[in-house]
Amino acid sequence: MSTKQNFLKISSIDSVSSDMALIAKILSLQKKALKNDKGESMYYYGILGDETGTIPFTAWTFSSSLRVGDVIEIEHASSREYNGTIRLNIDARSQVVMKPGTDMEVKRSYSEKKIRDLSLKEPFVTVKGKISGVIEKEKEKNGEMITLYYGNLEDDTAVIRVTSFSRKLEEGETVKIVGAKVSEYNGRLRLTISDKTQVEHADLDFKIGIRLSNISDVKSPISGVSLAAVIVNIGAKSGVIKRCKTCNRKIDDDFCEEHPDDGFYKDLFAYFTAEDGTGYVHCTSGKSSLEEILGLTPDPLETQNITSNQVMKKLNETLLGKPVVISGDFVKNNDSLTFRARTIKQMSEDDLRIVQMFEAEEII
Amino acid sequence: MISQKREISNWIFALELRDSKITEKNEEWANAKPIVITPLGTRVRRVLINGIISQKSVQDEMAKLTISDGTGNFYLSAFNNDFNRPGKDELNEFQINDSVLVMGRLNSFGNEDKIYFSISPELIQKSDDILQKFWSSRARYIAIRKIYAIREAGKDPESSRESLVNKGYSLYEADCALRSLKNYPDYDIQNFERVIASSPAPEKKDDEELRMKEAIINYIKQNDDNGKGCRYEDISAASKLLGFEENKVDEILNQLGSDGEIYEASLKRYRVI
């Protein structure tokens, strides 16, 4: 690498250009396999930063030994606009060298996002919404007791779990969170508020109501979304299942392998595929979301005298090939998104009007 | 729990399918049926449609249904031995004027001038008014988004996936737009938009018209002169015997032709498709 190179600062990269050199810190790094006619290849993407700002990048050649936090020198990189954002492109012509032992102050810049558009690709963001479901928990950290706040943040597109290490979350408060960290836990996205995150009161410029979404518009495991769709397939093993009374795990025989003496209870489970014309999603649902549609009560199934075959027959009659509105949460499962339905209802005239208004707004 | 990838169903109007003239070899699987490329750039192997049954024919081995969605017709066929999917007997349970939702695989056949399509149903269910409106509204929404993307792409010969995504279209819509411009540069998109803009809804046929259509189709089928087609004069004479008005016979023949039920094999000779 040349030492006489003119290194650009990230804040000066504001258009499509080529043959650039810069020194930057890797702030996030992910890799993805790509299949095409020539076979399978791997590319990397993430965020780079320096003392002037941050920029997302895509690297078609990148050393697998590089890690988040490493400072690197890049030559012969190019930039291009994608999805309204300038990205740095590192390809076969580019040279990337790690600068061991070097650290760099990074000026973070955060773009404001709707919750539905959050993803691990952009790990620090600004979001606005309403706080709900707050609980406090005491935890020990480095010998000291600290209070952690857990809650949900919701906007007009979705809901996301929030953990705050530093600031108290107030129930019902409307806030703007600047520099929240996006991460994934148990297959769902969550936001973390640390001492570097700013949280301020904000008036919301949107209304929170039914959060209808096209299936194809959801790319991340976010919660609190409604889908208007047709159910095109119902899983053959849907019906009455048995769960261990102690660990709640589904069991195939009359006893749990880990708790053989603890007994079981009956539960409902269904899996099905929903399509809305823009995409499909495999869905799961439990007793609470199926009760109403199957005409059951919240009482234990043991008292309701219903068999798996009867459940399956009712599911086929009430759901298969029918338009429905399902509300729930997207969950990441083996690299694909599935949907946990919290409520399922057959589409009404009122629902149809909402769907048509949503479509009209999207077209405009 | 299902986790495998499945093929998406395309919610498209019959008009989009009827105007399709291009197929593409399925590269993923050598023996697979070809993929149909529609004028809006949609790559179709599976469809999800809704409409009213306007024709029904049941033979020894198979059943055929014609389904109208208000913009044109879809043709369904199922055999006795269709494994794990609705077969002849299931199709036979449906009646003319039933409103149905169908998901199925698309088969295409024909030559360079004209491609014909039939659907092998995987799911067929009676549908109600809400489903009919929901399907029609979604199919229109999806088509209009594609039309806007096609128009946007057509403004600049350098248009690319990235430039269209930057303008707010999804990758899927961008790909459809570029495919449409490449394969159907002269397609009358304005006419397509005009047809779907009026929220097309299929109309139920009156009994007399259905009776006439069925009688004329059966007559043409039974009197096909060694593959040369059934003569107009014979159809007209037979219709008179059945009590149909002569001018109504011409109207029905025209309708059957535009519905894709029959075609004129040579001058004034008709065959069933």
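Angles under 35 degrees between two axes count as roughly parallel, over 145 as roughly antiparallel, 65 to 115 as roughly perpendicular, and the rest as oblique. Hi everyone, please keep those words in mind for the helix pairs. This is a predicted model, so local features need pLDDT of at least 70 and side-chain atom pairs count only at pLDDT 80 or more, while totals for chains, interfaces and linings use all residues. Residues are numbered from 1 along each chain as its sequence is written, chains are lettered from A and ligands numbered from 1 in the order in which they are written, and side-chain values use heavy atoms, leaving out hydrogens and water.

Let's start with chain B as a whole. Chain B has nine helices and eleven strands; helices (H or I, at least four residues) and strands (E, at least two) are DSSP runs, numbered from the N terminus. The C-alpha trace spans about 65 × 45 × 40 Å along its principal axes.

How much of chain B is buried? Buried residues make up 50% of its 273 residues. Buried means under 20% relative accessible area, exposed means over 50%, and partly exposed is in between, with a 1.4 Å probe and protein chains only. As for contacts, meaning heavy atoms within 4.5 Å, take those in chain B with a separation of 6 or more: residues 24 or more positions apart account for 63% of them.

Now to the helix pairs. Two packed helices are described by the angle between their axes and the distance between the axes. The axes here are lines fitted to C-alpha atoms, for helices over the stretch in contact, and angles run from 0 to 180 degrees between N-to-C directions.

First up, H8 (residues 232–241) and H9 (residues 246–258) of chain B: their axes come within 10 Å and cross at roughly 125°. H8(B) and H9(B) are therefore oblique to each other. Their crossing is right-handed; a crossing gets that name if the near helix is turned clockwise from the far one by less than a right angle, and left-handed if anticlockwise. On the H8(B) side the contact includes B:Tyr232 and B:Ile235, and on the H9(B) side B:Val249 and B:Leu253 are among the residues involved. The residues of this contact divide into four nonpolar, two polar and three charged.

Next, H3 (residues 129–154) and H5 (residues 171–183) of chain B have axes that come within 8 Å and cross at roughly 60°. That angle makes H3(B) oblique to H5(B). H3(B) passes H5(B) in a right-handed crossing. Among the residues making the contact are B:Ala149 and B:Ile150 of H3(B), and B:Cys176 and B:Leu181 of H5(B). Here the division is eight nonpolar, two polar and three charged.

H3(B) also packs against chain A. Which angle does H3(B) make with helix H3 (residues 349–363) of chain A? The angle is about 5°, with the axes 10 Å apart, and H3(A) and H3(B) are therefore roughly parallel to each other. The contact includes A:Leu352 and A:Phe358 of H3(A), together with B:Phe134 and B:Tyr141 of H3(B). Nine nonpolar, two polar and seven charged residues make up this contact.

While we are on H3 of chain B, B:Ala143 lies in that helix. B:Ala143 is buried, with a relative accessible area of 3%. Not counting residues up to four places away in sequence, B:Ala143 touches B:Leu40, B:Phe192 and B:Ile196.

Last, some loop residues. Most residues other than glycine have a negative phi. A:Asp335 has a positive phi of about 70°, and sits in the loop between strands S18 (323–333) and S19 (336–346) of chain A. B:Asn97 has a phi near 80°, and lies in the loop between helix H2 (88–92) and strand S7 (99–110) of chain B. Buried or exposed? A:Asp335 is exposed at 71% relative accessible area, whereas B:Asn97 is buried at 15%. Thanks, everyone!

Conventions
Nonpolar A, V, L, I, M, F, W, Y, C, P; charged D, E, K, R; others polar.
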